[in-house]
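Biologist: Can you walk me through this one? I'd like to start with the strands.

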Amino acid sequence: MKTVSMKPVVQSPRKDGLWAVYIRFTYDGRCQFWKTSKVVSSQNVKSKSEITDSYVLSFCSSLILQWMEKLNHVDYSAWSLKDIVEYVTDDDSQVSFSSYARTYIEKIDKPRTAKNYTLALKHLEKYMGICELMFQSLTESSLNAWINTMVRDGKKRAKEMYPVCIRHIWRNAMKELNVPEQGIVRIKYNPWERITIPQSDNTAKQAKSPNAMRTFFSCPIPTKPFAMSLMEFGRDVAKMAFCLGGMYCADLYELKKEDYHDGIIHYNRAKTKHCRKDSAYMEMRVPDIIKPLFKKYRSSQNKGPLFCFHEMYTTEESISSNVNSGIRQICQKILVLSKEEDYNILTFRHTWTTGHR
C-alpha cells in the first residue's frame, strides 16, 4: 500500500508579516495542504519553508501522530488524497469556520454581496473575540447571544442580514464538507435549525414626515472659519441623495464627468448592476435646488470623478461613514433627538421611496 507522508510547512507571509502554518500531505505523487490554527514569525522560518518554532512543531507532531494512528485502522488504498485528508481531519474542533467562510466569500462574483458576507463574518468574529472561529465554538446559545446583541444595539438591517449570511455559509459547508456515503461527517450539527432570525426593520418606519425633512434641511448649523464642518457635509450629501430619488452614497461617489450632461445624470446603480440584465441603468434629472451643491462639490479635474469626494475620502465606505457622522451630529446637537430617533443617509432614501416627501 502506498504510504502517506505529513509535514508542517509554511508557504508565504501574510500582510502582517506572520506565516500561516500548514500540514503538507503527500500521497501517490500528489500534495495537499491543510491549514492549522498556528502562525510563526519570520525568525522561525528557514529556507525551504522549514519551521523552527518548537511549540508549533510539537503541536503539529501531535496532530500528525494522531492522524497516522487513525489511518492505520483503515484500508485507504482506493482513496484519493482529498478523501484521506478529509478522513483524518474529521473533527469538529479542527474545522475552521472562519477559514471556510473566507474561501467561500472569495468565490462570490458579486462585489456587494461579498462585502455583506465579509461584514457579517467580521462582526461575528469581533463579538466572539477571536479571528479564527471553529464550527464547534458556534453553538445555538452563542449565536443567539450574538443576534440578541444586534437587536439590543438597534441594528435595523444587520440583525437579519448578518445571521442570514452566516447561516448560508454554514449550510453550504455542511453540503461541501460532509460526505455521508463515505462516513465523512466533519460538521455534525446545524445550530440554525432552532434559531429564529429577526426581521429587519420596515423601511417605512425609518421614513420621516415632510415637516421633519424641512426641519432637518433648514436648521442652523455652526460654521467653521477655515474648514467645512462634518454637519455641513452630511447635510449637503443627504440633500443631494434625497433630491436624486434616494440615491446611494456609493453612486454619488462613483459618478463620472461624462455621466452628467444636459442636466441629467446617467449611471448604473452599484447595488444591483451585477444582478440585472440592464445593469441597473438609471437616469435622473438634477433639480435646480441642488445644482449649487453640484457646483460646490464639482471636481476641478477635467476627467474622472464628477465630485471631489475622491479627494476627500479614499473609499465609498469612508464617505458613507462621515456623512452619517455629520447627520448624527445634527440630530443630536441641533435637533436634540434621541438615539432611537437618529437619522442616517438611508433615512432620506426611505423617506423618498415611501412617498413621505
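Biologist: How many bridges join β5 to β6?
Modeller: Five, and the two strands run antiparallel. Bear in mind that this is a predicted model.

Biologist: Which residue stands opposite Met282 in β6?
Modeller: Tyr267.

Biologist: And what is the strand order in the open sheet?
Modeller: The order is β4-β5-β6, three strands with antiparallel pairing. β4 (260-261) and β6 (281-285) are the edge strands, each pairing on one side only.

Biologist: Switching to the largest nonpolar core. Which residues touch the most other members?
Modeller: Leu252, Ile265, Phe294, Phe307, Phe309 and Ile327, out of 41 residues in that core. Elements that each supply at least two residues to this core include α10 (249-254), β5 (264-268), α11 (291-297) and α13 (316-334).

Biologist: Which element gives the most?
Modeller: α9, with eight residues.

Biologist: What does Phe294 touch?
Modeller: Not counting residues up to four places away in sequence, Phe294 touches Met240, Leu244, Tyr260, Ile265, Val286, Leu306 and Phe307. Another core lies apart from this one, with 31 residues, among them Tyr117, Ile166, Ile169 and Leu177.

Biologist: Now Arg298. Where does it lie?
Modeller: In the loop between α11 and α12 (309-312).

Biologist: What is Arg298 in contact with, leaving aside neighbours within four places in sequence?
Modeller: Lys257, Tyr260, Leu306, Phe307 and Cys308. As for Phe309, 11 residues apart from Arg298 along the chain, the C-alpha atoms of the two are separated by 8.7 Å.

Conventions: Residues numbered from 1 in each chain as written. Predicted model: local features only at pLDDT ≥ 70, side-chain atom pairs only at ≥ 80, totals over all residues. Heavy atoms only, no water. Core = buried A, V, L, I, M, F, W, Y, C linked by side-chain atoms within 4.5 Å. Buried < 20%, exposed > 50% of the residue type's maximum accessible area, 1.4 Å probe, protein only. Helix = DSSP H or I, 4+ residues; strand = E, 2+ residues; numbered from the N terminus. Contact = heavy atoms within 4.5 Å. Pairing = 2+ DSSP bridges.
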